[in-house]
Amino acid sequence: MPISLRLPPEVEERLSSLASKTGRTKTFYATQAICEQLDDLEDLYLARKEIKKVKTGKTSTTSLSDLMKEYGLAR
């Protein structure tokens, strides 16, 4: 699916320079960068969303010691 990106001028210049020097396309490098960072971005933003739910009481938590007891791992 095609997408359009607006990059800061200095990033655009760096991307163009890299593509020119290596014979690859700017799209190739943009795709590589997105794929490499997507896992981290998902972790970050989904964790923030979950923390907000906990803070507002929309979800509950269980302590590690209670989980260990529940699964017979308590010392």
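**Notebook: helices, salt bridges and surface patches**

I began at the end of helix α1, where I found that α1 is followed by Gly 23, a residue whose phi is positive, near 80°. I noted at once that the model is predicted, and I kept this in mind for every entry below.

**Entry on helix α1.** I looked up the length of α1, which covers residues 9-22. At 1.5 Å a residue, its 14 residues should span 20 Å, and I found its end C-alpha atoms 20 Å apart, which agrees. I then looked at Val 11, whose place is in helix α1; Val 11 is partly exposed, because its relative accessible area is 33% and falls between the limits of 20% and 50%. I also looked up how far Val 11 lies from Glu 70: the two are 59 residues apart along the chain, and their C-alpha atoms are separated by 51 Å.

**Entry on the salt bridges.** How many salt bridges does the structure hold? I found two. In one of them Glu 12 pairs with Lys 26, and the closest N and O atoms are 2.8 Å apart. This pair links distant parts of the chain, since Glu 12 is in helix α1 and Lys 26 is in helix α2, 14 residues apart. Both partners count as partly exposed, Glu 12 at 28% relative accessibility and Lys 26 at 36%.

I next looked up the salt bridge in which the side chains of Lys 53 and Glu 50 meet, at 3.7 Å from N to O. Lys 53 and Glu 50 are three residues apart in helix α2, so about one helical turn separates them. In general, an α-helix has 3.6 residues a turn, so residues three or four places apart point the same way. I noted that Lys 53 counts as partly exposed at 32% relative accessibility, and that Glu 50 is partly exposed as well, with a relative accessible area of 35%.

**Entry on the negative patch.** Which residues form the negative surface patch? I listed Asp 39, Asp 40, Glu 42 and Asp 43. Asp 39 has a relative accessible area of 52%, and because exposed means over 50%, Asp 39 is exposed.

**Entry on the nonpolar patch.** I also looked up a nonpolar patch on the surface, formed by Met 1, Ile 3, Leu 5, Leu 7, Val 11, Ile 34, Leu 38, Leu 41, Leu 44 and Tyr 45, which together have about 1,000 Å² of accessible area. Which element gives the most to the nonpolar patch? I found that α2 does, with five residues. Other parts of the chain take part too: Leu 5, one of the patch residues, has its place in the segment before α1, while Val 11, also in the patch, has its place in helix α1.

Terms used. Residues are numbered from 1 along each chain as its sequence is written. This is a predicted model: local features need pLDDT of at least 70, side-chain atom pairs count only at pLDDT 80 or more; totals for chains, interfaces and linings use all residues. Side-chain values use heavy atoms; hydrogens and water are left out. Patches are made of residues with over 30% relative accessible area and no salt bridge: like charges are joined within 9 Å, nonpolar side chains (Val, Leu, Ile, Met, Phe, Trp, Tyr) within 5 Å. Accessible areas come from the Shrake-Rupley method with a 1.4 Å probe; for residues, only the protein chains shown count as cover. A salt bridge is a side-chain nitrogen of Lys or Arg within 4 Å of a carboxyl oxygen of Asp or Glu. Lys and Arg count as positive and Asp and Glu as negative; His and the chain ends are not counted. The place of a charge is taken as NZ of Lys, CZ of Arg, CG of Asp or CD of Glu. Buried means under 20% relative accessible area, exposed over 50%, partly exposed in between (1.4 Å probe, protein chains only). Helices (H or I, at least four residues) and strands (E, at least two) are DSSP runs, numbered from the N terminus. The expected span of a helix is 1.5 Å times one less than its number of residues.
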